[in-house]
Amino acid sequence: MKINAVVFAALFTASTFAAPRVQDPSLLQKAGEAYNTAQSLETDLSQKAASQRVRDDYLRVVKAYQRVYILTTHTCFADDPLMAIAKLYEETKAKDDAVKTLQFLISQYPTSPFKENAERDIARLTSRKPQKTVVVAVGNVRFW
């Protein structure tokens, strides 16, 4: 699982530099098709009995979602596959990989509508309380 996480991180890095900044309609169409394929694979996996699911089945779905992410790195669709990947890692008991994926989502897509869910999931997976941003005003400071 750690090798898979390293490969995933390498794909993230490579895709960040190689991905076009413009939302090419043909690229978005390919991403949409890849997303539908990934969702179909996930549906097939969820229809299997839990006892029949093997690690390779989960990794196949994770790779399908990774392909979607690579195609849509700089679009508004990049956070959807990241959330799905984190959920799949959690189901395979790879909590560290799930947390890393969620932390990546938060750091790279701070305006994502999934940010709060990702923060809650990180807190749940790491058994820590979610961190709230606290603003403290300081007044009447004297300096000599």
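Predicted model: local features only at pLDDT ≥ 70, side-chain atom pairs only at ≥ 80, totals over all residues.
**Reading a helical chain, one feature at a time**

Trainee: What about lysine 48: which loop holds it, and what does it touch?

Mentor: You will find lysine 48 in the loop between H2 and H3. With a relative accessible area of 33%, lysine 48 is partly exposed. Setting aside residues up to four places away in sequence, lysine 48 touches Arg53 and Asp57.

Trainee: Let me step back to the whole chain. How many helices and strands does it have?

Mentor: There are 6 helices and 0 strands, and along the sequence the pattern reads α-α-α-α-α-α. Buried residues make up 35% of the 144 residues. The accessible surface is about 9,700 Å², and carbon and sulfur atoms account for 56% of that surface.

Trainee: Which share of the contacts joins residues 24 or more positions apart?

Mentor: Look at contacts with a separation of 6 or more: 60% of them are between residues 24 or more positions apart.

Trainee: What should I look for in the largest nonpolar core?

Mentor: Here is the general idea: in soluble globular proteins, nonpolar side chains tend to be buried together. In this chain, the largest nonpolar core has 32 residues, and Tyr65, Leu88 and Leu102 touch the most other members. Helices H2 (25-47), H3 (55-71), H4 (79-91), H5 (95-108) and H6 (115-126) each supply at least two residues of this core. The largest share, 8 residues, comes from H3.

Trainee: Which residues is tyrosine 65 in contact with, leaving aside neighbours within four places in sequence?

Mentor: Tyrosine 65 is in contact with Tyr35, Ala38, Gln39, Glu42, Pro81, Ala84, Ile85 and Leu88.

Trainee: Now the helix pairs. At what angle do H2 and H3 cross?

Mentor: When two helices pack, ask about distance, angle and handedness. The axes of H2 and H3 come within 8 Å and cross at roughly 165 degrees. Angles over 145 degrees count as roughly antiparallel, so H2 is roughly antiparallel to H3. The crossing of these two helices is left-handed. On the H2 side, the contact includes Leu27, Ala31, Tyr35 and Leu45, while Tyr58, Val61, Tyr65 and Leu71 are among the residues from H3.

Trainee: Let me try the next pair. How far apart are the axes of H4 and H5?

Mentor: They are 8 Å apart, and the packing angle is about 165 degrees. That makes H4 roughly antiparallel to H5, and their crossing is left-handed. Residues of H4 at the meeting place include Leu82, Met83, Ile85 and Tyr89. From H5, Thr101, Leu102, Phe104 and Leu105 are among those they meet.

Key: Residues numbered from 1 in each chain as written. Heavy atoms only, no water. Core = buried A, V, L, I, M, F, W, Y, C linked by side-chain atoms within 4.5 Å. Buried < 20%, exposed > 50% of the residue type's maximum accessible area, 1.4 Å probe, protein only. Helix = DSSP H or I, 4+ residues; strand = E, 2+ residues; numbered from the N terminus. Contact = heavy atoms within 4.5 Å. Areas by Shrake-Rupley, 256 points an atom, 1.4 Å probe, with all protein chains shown as cover. Axes fitted to C-alpha atoms, helices over the stretch in contact; angles between N-to-C directions. Parallel < 35°, antiparallel > 145°, perpendicular 65-115°, else oblique. Left-handed = near helix turned anticlockwise from the far one by under 90°.
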